[in-house]
Protein chains: 2
Amino acid sequence: MTASPTPPTSRSRRSAGDRRAQLVQIGLELLPTTPIQELTIDAVARRAGISRSLLFHYFATKREYYTAVTRAAADLMWAHLQPRPGTPADEQVAGMLDRYVGWVETYRESHLAFVRGAGGGDPWVADVYAETRQRLVEVALSTLGLPDDALRRQLVLAWFAFAEDLVGSWADEPTLSRPELLALLREILDRLVRSGH
Amino acid sequence: MTASPTPPTSRSRRSAGDRRAQLVQIGLELLPTTPIQELTIDAVARRAGISRSLLFHYFATKREYYTAVTRAAADLMWAHLQPRPGTPADEQVAGMLDRYVGWVETYRESHLAFVRGAGGGDPWVADVYAETRQRLVEVALSTLGLPDDALRRQLVLAWFAFAEDLVGSWADEPTLSRPELLALLREILDRLVRSGH
DNA sequence: TAGCTTGTTGAGCGTTGCTCAGCAAGCCGG
DNA sequence: CCGGCTTGCTGAGCAACGCTCAACAAGCTA
């Protein structure tokens, strides 16, 4: 039919890589303001200036799109937290902790939306963050020079839940000085990870 | 169409209270098997042997229904955890901790679905569990005879995140004996709640 | 120019949350 | 038995969303 005879669609035609990157970028921008489950494909497409159909051309399913966005967010954090080689192990852990708190301070809303989005709702999306946490635990343990057994792994993962929650509420209401917070987190982590309970 | 488990007559007509209770009950049964966001009103209605419309007669919105279900779940746990009066304060806390671990052991799937469902997705639903945690923190602190300041509150809340995560993974893979787990949780809680950081 | 590749679109289908006008089950006073 | 009232309950239907499909069009090459 085409009752609307080709509106002035001098819309740009992008390369596949560009388009994908643009869509993921839009997801990263929208993630903090919108709970991941409420974010509609339509909104993303409109924001990108394209039709819904095109988004499905790049991401077969909504889930696939969201996992891509989540993975991008996880990679950003991962890159930021990487330990700086060449310094003493103790300092490396302290640095990671420091950068982690800094990360949450800076991207407070988006980080929590990310963590919570990962925790609830979709298991596929949750896996992406679980995987990132696993990697963090591995790095933490190996940096500390401690064996990576099942118990320690559980404890450090639980410590992450502790740290996420505490840093989140601390960012809202700083009841501790920043160094005190860091020291407390470090102390609990040490307590958990050193043997003998 | 009314192939419902209740075949008293062609169509059973229930009192408003009965129907509400039945619907909430169905929600409690479905919560463990189905992520709260994926649970459709249609499924609940079909399971109750009623039309979708009727559910919207009792709960104006899907969110309202889910918060009612979540609140019911929270109340169950709350009742189970209540400290037994008349015993020493120390024992009361130990008892609560013990019952909490027992609760997660028993209702593992539904509890985690509940907590995660509360954590992610819908903020309204999240509030219900946040409220329950607040009440638990109050009881814990007052039982321990400790002041209820902002810092302690944050720390105990974060400890809950720690405990939920740890008990959850521990139930999957018991790397510690049960008494060891309880002692560890208790020790960390004590460490956090006693002053001086 | 034709022809090929590929980024892009609109029309449309099934499901789901939600609305609304109205039916029907039970109970009353005549 | 009959009207009339209350109220639990339903089916048709709308809007939004995820997702599909056939086809168009922009850019390249021969």
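**Entry 1. Between the two domains of chain A**

I began with the area buried between domain 1 and domain 2 of chain A in this predicted model. That area is about 750 Å², and carbon and sulfur atoms give 74% of it. I took buried area as the accessible area (1.4 Å probe) that two parts lose on being put together, summed over both. Within domain 1, A:Leu31, A:Pro32 and A:Arg63 lose the most area to domain 2 of chain A, together 57% of what that side buries. By class, the side of domain 1 that touches domain 2 of chain A holds five nonpolar, one polar and one charged residues. For these classes, Ala, Val, Leu, Ile, Met, Phe, Trp, Tyr, Cys and Pro count as nonpolar, Asp, Glu, Lys and Arg as charged, and the others, Gly among them, as polar.

I then noted the bounds: domain 1 covers 16-64 and domain 2 covers 71-193 of chain A, as given by an automatic or database domain assignment. The C-alpha centres of these two domains of chain A lie 28 Å apart. Seven residues of domain 1 of chain A are in contact (heavy atoms within 4.5 Å) with twelve residues of domain 2 of chain A.

I looked for salt bridges (a side-chain nitrogen of Lys or Arg within 4 Å of a carboxyl oxygen of Asp or Glu) and the count between the two domains of chain A is zero. I also recorded zero residue pairs in polar contact across this interface of chain A, with both residues required at pLDDT 80 or more. A polar contact is a pair of N or O atoms within 3.5 Å; within protein, one must be able to donate a hydrogen and the other to accept it, and residues adjacent in sequence count only if both atoms are side-chain atoms.

**Entry 2. Conventions**

Residues are numbered from 1 along each chain as its sequence is written, and chains are lettered from A and ligands numbered from 1 in the order in which they are written. In this predicted model local features need pLDDT of at least 70, side-chain atom pairs count only at pLDDT 80 or more, and totals for chains, interfaces and linings use all residues, while side-chain values use heavy atoms, with hydrogens and water left out.

**Entry 3. Chain A against chain B**

I found 29 residues of chain A in contact with 30 residues of chain B. The two chains bury about 2600 Å² between them, of which carbon and sulfur atoms give 64%. A:Gln154, A:Phe162 and A:Arg191 supply 20% of the area that chain A buries against chain B, more than any other three residues.

I counted two salt bridges between chain A and chain B. B:Arg191 forms a salt bridge with A:Glu187, where the closest N and O atoms are 2.4 Å apart. Eight residue pairs are in polar contact across the interface of chain A and chain B, both residues at pLDDT 80 or more.

I superposed the copies by least squares on the C-alpha atoms of residues with pLDDT of at least 70 in both. Chain A can be laid on chain B with an RMSD of 0.1 Å by a turn of 180 degrees and a shift of 0.1 Å along the axis. The two copies are therefore related as by a two-fold rotation axis. The same surface serves both, as 93% of the contact residues of chain A recur in chain B.

**Entry 4. DNA strands C and D**

A polar side-chain atom of A:Ser53 lies 2.3 Å from a base oxygen of DNA strand C.

Around DNA strand D I listed 24 residues, of which A:Thr61, A:Lys62, B:Arg14, B:Arg19 and B:Ser53 come nearest. A polar side-chain atom of B:Ser53 lies 2.4 Å from a base oxygen of DNA strand D.

Definitions and conventions. A residue is near a molecule or strand if one of its heavy atoms lies within 4 Å of it.
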